[in-house]
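Subject: Structure for your review

Hello,

Please find the structure below, followed by notes on what was found in it.

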Amino acid sequence: MNRQSSLSTQDFLAHSVVRSGDPSWLNTLRQSASDRFLGLPGRKTEQWKYTAVAAQSVRATADDADTFEPRVPQPLIDTDAKVVLINGDVSEMPGENRDGLCVKPLAAALQEADQPLVDLLESLPIDGRQHAFSQLNTAALGQGLYIHVAAGIDAGELLLQWPCGAEEMNHARICVVLETGARLHLVEQFENGSQHPAKLNLVEQIELGEGAELFHSRLQHYPAESLLIGRTEVRHGTSTRYSFTGMDLGAGLARHDVRSEFAGEGAGCSLNAAVLGSGDAHVDYHFEADHQAMNCQSGQLFRAVAGDRSKIVFNGRVHVAPGADGSDSQQSSAGLLLSRKAEIDAKPELEILADEVVAAHGATVGQLDQAAMFYLRSRGISEEQGRKMLTLAFCRSVIDRVPHEALHESLAMRLTTAMDELESGHE
Amino acid sequence: MLKIKELHASVEGKEILKGLDLEVNAGEVHAIMGPNGSGKSTLGNVIAGREGYEVTRGEVAYQGKNLLELEPEERACEGVFLAFQYPVEIPGVNNTYFLRAALNAQRKHRGEEPLDSVGFLRLVRERLEVLHIGDELLHRAVNEGFSGGEKKRNEIFQMAVLEPKLAILDETDSGLDIDALKAVAEGVNQLRSPERAIILVTHYQRLLEYIKPDRVHVLSEGRIVASGGPELALKLEEQGYTWLEDGGIAELEQAAV
């Protein structure tokens with residue numbers, strides 16, 4: 001039997017957030033975050049309107065909650081630069097760091113307290129109820145990773161695996177600093193080797209020095225009834241690039257906030273995600289491009305395929321500050337409903353306060369193209385296979401953004417396999 | 001190979017085919033001509049099994065089987081091929097991948113081993129050469145951004161790879177310039193064989209200058225009103241379709257005897 005347990009404040013702040021022996025700046029940061037926590041966001045919090053966590057009960061399986069044995073899934077890509085974080089805590093590190101790439105457990109980095117890291121941690125906006133999870137995350141600050149790439153270094157791929165399954169919610173923080181001209185492909189795998197549901201609250205802070213480039217690929221395929229809250233904040237220096245590609249195939253509830261803030265001129269971001277909703281999954285993407293500087297370019301691409309009783313939410317926000325002339329922003333979101341009980345909510349949000357700006361957006365929600373389906377069938381391809389081909393094709397534009405060929409192939413294959421797992425097929 | 005008896009079919013409640021009879025044997029090429037709205041495309045779509053085309057009466061026997069009972073993909077696997085009047089663009093699905101999936105689905109149906117990518121590519125290159133088509137079509141998404149001529153060539157190319165027993169070409173000549181028309185016709189002629197039946201559905205006689213049909217049928221208001229040899233097409237071209245309605249049908253029937 002599954003037991004229903006709602007998320008409540010008690011779950012998170014039952015204990016004092018101050019830890020003796022830790023530096024005082026850190027305890028101050030934790031305490032101040034804890035003081036700001038007023039409860040989880042509900043329907044009245046605009047940013048959480050379609051994903052009212054406070055009202056939502058998140059199930060945890062009571063039977064085997066204590067006996068969770070983390071099973072690390074097959075790595076998504078083959079690399080020696082791999083970190084395994086079990087329940088948000090570092091359990092396996094790369095034997096040796098590549099030249100110019102420094103990866104260390106956040107706990108150790110917090111003790112060393114380098115000024116850039118302290119500044120980064122203190123800079124995260126966490127006011128208001130919409131940032132309730134970040135408040136909790138900061139109050140519990142301690143687990144996670146610090147990743148640093150030295151100037152001019154191309155550090156290749158770094159894989160983070162996130163098996164997770166404890167009864168209580170886990171909080172983790174990833175801090176990434178790329179110095180001038182540095183380059184990294186961060187690949188994240190949110191997946192369990194078993195069917196145990198995950199509960200993870202993750203905040204990622206990324207700082208890009210002049211001319212730096214970060215590719216960020218993320219597969220989320222947690223078991224049903226999992227809860228993943230992820231917030232990614234990217235601060236762009238001059239002429240930097242950030243490319244995010246997310247693919248979600250699972251979870252009970254997954255929420256991704258990805259925000260690029262252009263602090264320096266001539267920067268660009270490309271935020272892409274493809275979601276296949278199955279079962280009762282609820283996946284919510286909030287993309288934001290914040291044009292604070294001139295001549296920056298942002299693109300947002302979202303593809304949602306909602307099967308069974310799933311619900312998929314997309315909110316694409318573009319903000320162009322006064323004086324951020326020469327801004328260019330493109331946005332496209334499209335949804336495919338495979339079942340009558342599924343739901344897709346897509347909302348573009350454009351706030352343009354400068355004059356010399358190009359901003360385009362488009363959103364559609366529909367069903368599989370019947371003309372294309374008949375064309376495939378008329379050549380001998382079964383309805384089932386045709387549906388898979390067309391769905392994969394629909395998500396292709398997102399997956400094609402992944403710059404790593406093996407990862408690209410593996411994501412495409414995962415998507416096809418996940419199509420098989422839809423309960424009802426096409427209704 | 002194909003026996004159609006008293007076929008009645010409706011689209012959105014409107015009867016288009018009103019008692020059509022047609023018999024096509026292996027090795028034959030038949031042309032079906034008729035004015036717009038006579039039911040030419042409906043016939044092709046009914047045979048291929050498109051949704052929305054409701055057969056209200058009559059029968060379609062294909063190799064002794066009741067074709068109307070089969071799903072569209074089963075018909076294809078049994079060797080029925082429709083070259084579309086308007087080939088569908090499918091962004092994101094690679095043309096080669098699509099065609100290999102189709103061929104292997106058909107091979108599986110016949111109890112044959114699937115072709116691997118090497119074997120498939122060899123077959124594809126062979127066919128391209130015979131049809132004088134470059135391989136640039138292979139690397140693109142199915143029909144996406146293809147010109148009218150490229151789309152029609154792609155249909156013929158698919159036909160050459162899938163090697164159907166019964167091919168219906170639905171106005172494959174429409175919208176083609178003379179070079180593209182010749183290329184398509186040459187492709188069709190290459191595929192003529194004693195085991196294969198081909199039905200050319202067309203509005204104009206032009207295509208028949210390049211593909212010599214064994215039989216020509218005139219379709220008018222949902223029925224075959226006259227059948228004859230290639231000379232029937234010429235007569236029709238000379239007189240125009242309006243002449244049909246002005247009592248020409250009786251004349252045609254006489255001429256055909």
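**The contact between chain A and chain B**

The contact draws on 17 residues of chain A and 31 residues of chain B, where contact means heavy atoms within 4.5 Å. This is a predicted model, in which local features need pLDDT of at least 70 and side-chain atom pairs count only at pLDDT 80 or more, while totals for chains, interfaces and linings use all residues. Residues are numbered from 1 along each chain as its sequence is written, chains are lettered from A and ligands numbered from 1 in the order in which they are written, and side-chain values use heavy atoms, with hydrogens and water left out.

About 1,900 Å² is buried between chain A and chain B, with carbon and sulfur atoms giving 66% of that area. Buried area here is the accessible area (1.4 Å probe) that two parts lose on being put together, summed over both. Of the area that chain A buries against chain B, 42% comes from A:F374, A:Y375 and A:R379, more than from any other three residues.

There are 3 salt bridges between chain A and chain B, a salt bridge being a side-chain nitrogen of Lys or Arg within 4 Å of a carboxyl oxygen of Asp or Glu. B:E73 forms a salt bridge with A:R377, and the closest N and O atoms of this pair are 2.7 Å apart.

On the side of chain A that touches chain B, α6 (370-377) and α7 (383-399) each supply at least two residues. Helices (H or I, at least four residues) and strands (E, at least two) are DSSP runs, numbered from the N terminus. The residues on this side of chain A divide into 9 nonpolar, 4 polar and 4 charged. Ala, Val, Leu, Ile, Met, Phe, Trp, Tyr, Cys and Pro count as nonpolar, Asp, Glu, Lys and Arg as charged, and the others, Gly among them, as polar.

**Salt bridges within the chains**

Over all chains the count comes to 42 salt bridges. One of them joins A:E213 and A:R183, with the closest N and O atoms 3.0 Å apart. A:E213 is in strand β9 and A:R183 in strand β7 of chain A, so this pair ties together parts that are 30 residues apart in sequence. A:R183 is partly exposed at 32% relative accessibility; buried means under 20% relative accessible area, exposed over 50%, and partly exposed in between (1.4 Å probe, protein chains only).

A:R317 and A:E349 also meet in a salt bridge (3.4 Å, N to O). Their strands are β16 and β18 of chain A, so the pair ties together parts that are 32 residues apart in sequence.

In chain B, the side chains of B:R140 and B:E150 form a salt bridge (3.4 Å, N to O). B:R140 lies in the loop between α4 and β8 and B:E150 in helix α5, so the pair ties together parts that are 10 residues apart in sequence.

**B:H203**

B:H203 sits in the loop between β10 (197-202) and β11 (215-220) of chain B. B:H203 is buried, at 15% relative accessible area. Its side chain makes a polar contact with the side chain of B:N36 (3.4 Å).

Regards

Notes. Polar contact = N/O pair within 3.5 Å; in protein donor to acceptor, adjacent residues only side chain to side chain.
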